[in-house]
There are 2 protein chains.
Amino acid sequence: MGNADYECHKVAVPSPKPFLQSLKSGVKETFFPDDPFRQFKNQPPLKKVLLGIQYLVPILEWAPRYTLQFFKADLIAGITIASLAVPQGISYASLANLPPTIGLYSSFVPPLLYAMLGSSRDLAVGTLAVVSLLMASMLSKAVNPTENPKAYLQLALTATFFAGVFQASLGIFRLGFIVDFLSHATIVGFMGGAATIVCLQQLKGILGLVHFTHETDLVSVMRSVLSQTHKWRWESAVLGFCFLCFLLLTRYFSKKKAALFWINAMAPLTSVILGSVLAYFTHAEKHGVQVIGHLKQGLNPPSVSELAFGSPHLLTAIKTGIIIGIISLAEGIAVGRSFAMFKNYHIDGNKEMIAFGMMNIAGSCTSCYLTGGPFSRSAVNFNAGCKSAVSNIVMATAVMFTLLFLTPLFHYTPLVVLSSIIIAAMLGLIDYAAAIHLWKLDKFDFIVCMGAYLGVVLGSIEIGLIIAVTVSSLRVLLSVARPRTFALGIIPNSGIYRSIDQYPNASSVPGVLILQIDAPIYFANANYLRERISRWIYEEEDRLKSSGEASLHYVILDMSAIGGIDTSGLSMLEEVKKTIDRKGLKLLLANPRSEVIKKMDKSKFIETIGQEWIYLTVGEAVAACNFMLHICKSNPNAVEYGTQDNV
Amino acid sequence: MGNADYECHKVAVPSPKPFLQSLKSGVKETFFPDDPFRQFKNQPPLKKVLLGIQYLVPILEWAPRYTLQFFKADLIAGITIASLAVPQGISYASLANLPPTIGLYSSFVPPLLYAMLGSSRDLAVGTLAVVSLLMASMLSKAVNPTENPKAYLQLALTATFFAGVFQASLGIFRLGFIVDFLSHATIVGFMGGAATIVCLQQLKGILGLVHFTHETDLVSVMRSVLSQTHKWRWESAVLGFCFLCFLLLTRYFSKKKAALFWINAMAPLTSVILGSVLAYFTHAEKHGVQVIGHLKQGLNPPSVSELAFGSPHLLTAIKTGIIIGIISLAEGIAVGRSFAMFKNYHIDGNKEMIAFGMMNIAGSCTSCYLTGGPFSRSAVNFNAGCKSAVSNIVMATAVMFTLLFLTPLFHYTPLVVLSSIIIAAMLGLIDYAAAIHLWKLDKFDFIVCMGAYLGVVLGSIEIGLIIAVTVSSLRVLLSVARPRTFALGIIPNSGIYRSIDQYPNASSVPGVLILQIDAPIYFANANYLRERISRWIYEEEDRLKSSGEASLHYVILDMSAIGGIDTSGLSMLEEVKKTIDRKGLKLLLANPRSEVIKKMDKSKFIETIGQEWIYLTVGEAVAACNFMLHICKSNPNAVEYGTQDNV
């Protein structure tokens with residue numbers, strides 16, 4: 001092997017970095033991949049402090065550039081979303097088993113905080129239907145909201161506080177990637193399922209039922225509805241159906257023409273006004289149509305003293321806080337990112353988490369429950385032409401005005417109108433087109449999506465979430481545990497080696513088996529790969545025997561796609577080498593990457609296999625094999641091998 | 001782009017396979033990677049049945065070829081391991097809080113079954129120290145073994161039954177890869193920690209203490225030992241120390257010379273005989289040296305009726321069964337594989353699991369508790385020159401003989417001798433050399449190992465196991481969530497593109513940024529990769545600006561190492577494309593693999609990016625970029641680009 005005609009390129013073994021340096025770069029890649037401190041580099045100290053404050057409170061960064069032009073746009077958008085926020089605030093609070101005013105409070109303080117701390121220009125802050133229902137179903141198990149409304153409210157505020165703390169810590173400790181484990185497929189299935197059960201819950205309001213199950217699954221709800229047919233109120237049902245049609249029609253028209261977005265945006269408030277007027281003049285509450293009743297006037301009372309840290313249900317509050325915190329983050333950040341994509345600006349996920357967290361901590365101290373960035377409201381905000389987070393300030397001001405002066409007007413609002421508003425909003429969340437898309441593209445993602453959907457609808461929201469996260473993680477683990485291996489062949493008239501499976505015209509090299517492994521070699525796949533490589537070898541030997549071709553002499557392992565290796569992987573390679581040696585074959589390696597060759601160097605595997613059997617490209621390794629095969633067959637002077645050997 | 005001078009090789013888009021066919025090949029790769037049915041192919045039906053029976057009961061396969069020569073070797077090996085099995089059986093049963101005879105029973109029936117069903121020729125079946133202690137610590141929480149020994153024994157048998165069922169099902173359903181998730185580093189740390197606490201537990205026997213803590217952690221044990229200094233029995237301690245020295249010395253000598261292996265193997269039995277004789281003549285039991293006492297004579301009584309399926313602690317039994325089942329599997333299969341490597345035969349992991357499972361199910365019905373393939377005994381078997389599983393039959397016969405006739409001889413065996421035997425065996429399991437090796441090779445594996453060790457020693461066996469499995473899985477998930485990305489450059493005087501990080505002499509191509517991603521693109525890393533790619537681009541732009549080089553025009557994504565993609569990954573690619581377009585740059589793809597190009601085709605991403613921007617090699621993509629850059633700069637006839645473009 002002294003002859004180096006074909007051996008023109010050596011595989012570099014990077015010199016080992018000091019432990020601390022490699023630790024530092026590892027931490028940076030893991031927790032600061034977006035390099036958030038980039039702007040601080042090479043700046044004078046005072047500027048650094050200023051940039052730091054602007055980094056933490058983005059409003060300081062953009063407020064100086066804010067113009068009257070922008071304000072006009074934000075004013076319109078803000079009023080539009082306020083007209084949505086008021087009825088939605090009241091409706092979603094009832095989903096969470098909380099007093100309607102809590103829903104209104106939640107559209108006042110949190111949006112103001114988000115406007116200062118958030119980095120999205122399009123996100124409209126507000127309560128979330130799915131999270132409200134989830135909160136109700138988790139907290140009701142600990143405290144009965146009808147029997148003990150005060151303790152229930154305290155628990156809800158405490159859960160909100162912990163959700164905020166959890167969200168902020170995720171951001172501060174740069175653990176935002178945890179949210180990434182809720183894949184798109186999971187969210188589609190989960191949201192669809194949650195929307196379905198929210199709609200089912202509204203049957204209570206639509207049919208004017210007083211008693212209703214506390215369970216959320218399909219079976220319990222349908223049993224509860226069908227067992228009370230004699231208590232259905234037709235007046236309520238007719239009213240609800242009319243308003244639902246109205247809301248769906250307005251959405252249909254505004255979808256057809258983007259300029260008509262305001263019809264859709266105004267429809268809920270219009271329904272509320274129409275419904276209230278109707279109820280007032282027909283005295284509907286005497287005909288089985290329930291109305292909201294008295295609403296307390298005035299702004300958010302402070303609620304620090306309501307946080308029940310000493311409660312026996314503290315663990316429930318923490319658990320609920322973590323789950324609703326992560327779900328509202330997942331939705332909020334996905335929404336923020338999509339609109340940022342449209343307008344070509346950047347959202348820093350970890351910064352957003354801190355903003356969401358601060359907003360909910362502050363909210364829990366001012367009688368607000370969990371808020372996030374709901375898709376529906378943000379889409380209306382975007383369509384209404386918002387320019388910055390000022391639209392949230394405008395919305396908060398409008399809600400403040402409502403709280404101070406307009407609450408008496410909601411006295412006669414029928415509950416059935418609120419149910420219609422919720423159903424109309426939820427139907428938009430059942431994204432069956434996305435599910436079909438998933439089926440077409442990726443069966444596994446479809447299974448995840450349906451798992452989440454059915455888990456939520458037939459089991460509970462938590463079960464659906466657990467199913468989806470488990471199945472998605474299993475997929476990732478499975479892809480690591482069962483990496484694909486390919487046999488490579490040469491593509492005719494080129495020096496390129498590619499998978500014979502993908503390129504059927506590629507032909508294998510006589511006497512040489514070239515294998516490519518598609519994943520880092522870790523403990524989870526080391527045993528599998530050892531068995532799989534053995535199988536490749538004996539299958540190739542069988543094939544050659546049955547077709548009468550030249551027998552196998554060399555096995556080349558193309559390591560281009562092996563990004564890392566652990567100690568189990570290294571001992572696997574040693575065993576593979578031994579097995580191949582024992583069969584009388586020779587193992588060659590092609591293109592080991594820096595992480596792998598470093599470890600192979602440290603473990604002395606390079607010495608075991610021999611430096612001269614490691615090549616930079618598959619082409620060079622094949623050329624070496626051909627060279628040696630020819631030495632064996634004929635006299636060494638008649639050597640002939642390709643020069644196109646660089647793949 | 002009509003000119004195709006450089007565009008000589010097209011990327012193949014494999015035609016989509018029917019759903020069922022791809023499902024079938026996926027299932028085969030996942031569950032049958034070793035193709036166990038290979039030998040059945042092209043065989044007549046009768047032969048198939050015969051092969052099938054031989055597959056299930058391997059003894060039928062090798063028994064006809066068995067010779068007298070082999071039997072001589074197996075006889076010696078069998079007697080050697082029997083001399084180890086008797087004292088170990090009694091000692092380990094006491095670790096599990098079970099009567100000593102149960103330990104002897106466990107070395108009779110299970111080895112016979114394994115000899116018929118197992119495929120290892122070197123594994124010696126027996127009880128395991130770590131598993132015994134683990135069983136004791138898990139079951140004692142449910143039933144107190146001193147207060148209610150009968151219920152405790154029933155629970156132990158039930159746990160053994162479920163361990164067997166679990167092991168057999170893992171094998172039958174081809175889920176053996178679950179065992180792979182216990183990495184080598186985990187096992188080193190876990191075994192070391194378990195051996196440490198087993199040694200600590202022996203302080204009870206060595207110091208002749210009667211009352212002792214039921215906890216296993218370092219702090220509880222040391223507190224229990226140090227709070228009873230006045231109860232220490234020096235006679236017991238001196239005796240124990242002498243025997244321990246004797247055992248360690250014999251091991252030291254037999255390690256120095258392989259031919260002296262029998263000294264080590266015989267030492268425990270010699271200690272037992274010496275100790276018993278000494279105790280008999282000195283009436284040691286009256287001087288604070290506890291002895292075994294009466295042992296019941298006779299073979300294993302059946303125990304099917306003892307299996308406590310109706311017990312209120314059934315859940316504990318199932319949980320214990322699963323944990324001890326998987327740990328004994330992990331050790332047994334690792335041991336079997338290592339010795340099979342030495343002798344160049346193959347062990348089928350899933351078949352071994354079935355054999356272990358059947359052995360434990362049968363064991364639980366014949367008064368045996370959990371057995372496996374302990375390393376120490378198997379190593380002695382191997383060194384004694386065993387040729388087949390017949391050595392296990394010989395051992396079982398010797399144990400049967402002991403049970404029938406020799407149990408009275410153990411009446412005077414001092415417990416302290418058993419403690420010395422356990423300590424001597426356990427000290428060999430603390431593999432500090434392996435831990436140092438891990439530290440040198442792979443810091444992360446070292447952390448896993450130390451996590452398992454400290455978790456076991458300071459917490460409990462379960463805590464150690466949970467820590468190790470969690471940390472190892474986190475590593476795998478992290479490697480997927482944070483894949484490495486590299487910028488590629490061309491290696492001088494070659495057409496080869498490699499990471500500039502690994503090959504510092506590689507130079508980047510002017511106006512072109514070549515990026516390589518090292519992992520499948522899944523939901524878990526899609527967001528990260530989008531941010532990281534953006535950062536690569538602006539960092540490259542900054543670098544070019546500050547060095548005054550030509551500005552960036554093209555971004556080439558080398559997809560060679562991307563083995564798979566899901567829907568989140570596809571939308572990530574679309575977003576990257578949009579971002580790059582918006583910056584006025586152009587995105588090119590190189591060498592997308594079959595899974596990826598199939599999905600890109602289905603999702604119409606190929607149309608979005610344009611078929612003409614996808615190249616087979618980085619070299620061809622660079623050539624295309626250079627070609628277009630030259631068109632822009634000079635007249636089209638002055639085109640110059642490399643021909644060595646095939647990497």
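Modeller: Two strands pair if DSSP finds at least two bridges between them. This is a predicted model.

Colleague: Which residue of strand S7 of chain B does Asp558(B) stand opposite?

Modeller: Start with the pairing. Strand S6, residues 554–558 of chain B, runs parallel to S7(B) over 5 bridges. Within that pair, the residue of S7(B) opposite Asp558(B) is Ala590(B).

Colleague: What is the handedness of the β-α-β crossover from S6(B) to S7(B)?

Modeller: S6(B) and S7(B) pair in the parallel sense. Between them the chain passes through helix H23, residues 567–582 of chain B. The crossover is right-handed.

Colleague: Which residue of strand S8 of chain B stands opposite Ala590(B)?

Modeller: S7(B) also pairs with S8(B), residues 614–615, in parallel through 2 bridges. Ala590(B) there stands opposite Tyr615(B).

Colleague: Why is S7(B) described as largely enclosed by the rest of the structure?

Modeller: Look at both sides of the strand. Lys586(B), Leu588(B) and Ala590(B) point one way and are buried. Leu587(B) and Leu589(B) point the other way and are buried too. S7(B) is largely enclosed because its buried residues number 5 of the 5.

Colleague: Turn to chain A. How much of the stretch at residues 502–625 is helix?

Modeller: UniProt, in an unreviewed entry, places the feature "domain: STAS" at residues 502–625 of chain A. The end C-alpha atoms of that stretch are 24 Å apart.

Colleague: What share of the residues of chain A count as buried?

Modeller: Chain A holds 26 helices and 8 strands. It has 647 residues, and the buried share is 52%.

Methods:
Residues numbered from 1 in each chain as written. Chains lettered and ligands numbered in written order. Predicted model: local features only at pLDDT ≥ 70, side-chain atom pairs only at ≥ 80, totals over all residues. Helix = DSSP H or I, 4+ residues; strand = E, 2+ residues; numbered from the N terminus. Buried ≥ 20, exposed ≤ 12 C-beta atoms within 10 Å, placed from the backbone. UniProt positions renumbered as here; feature names shortened; annotations may be inferred. Right-handed = clockwise from strand over helix to strand, strands pointing away.
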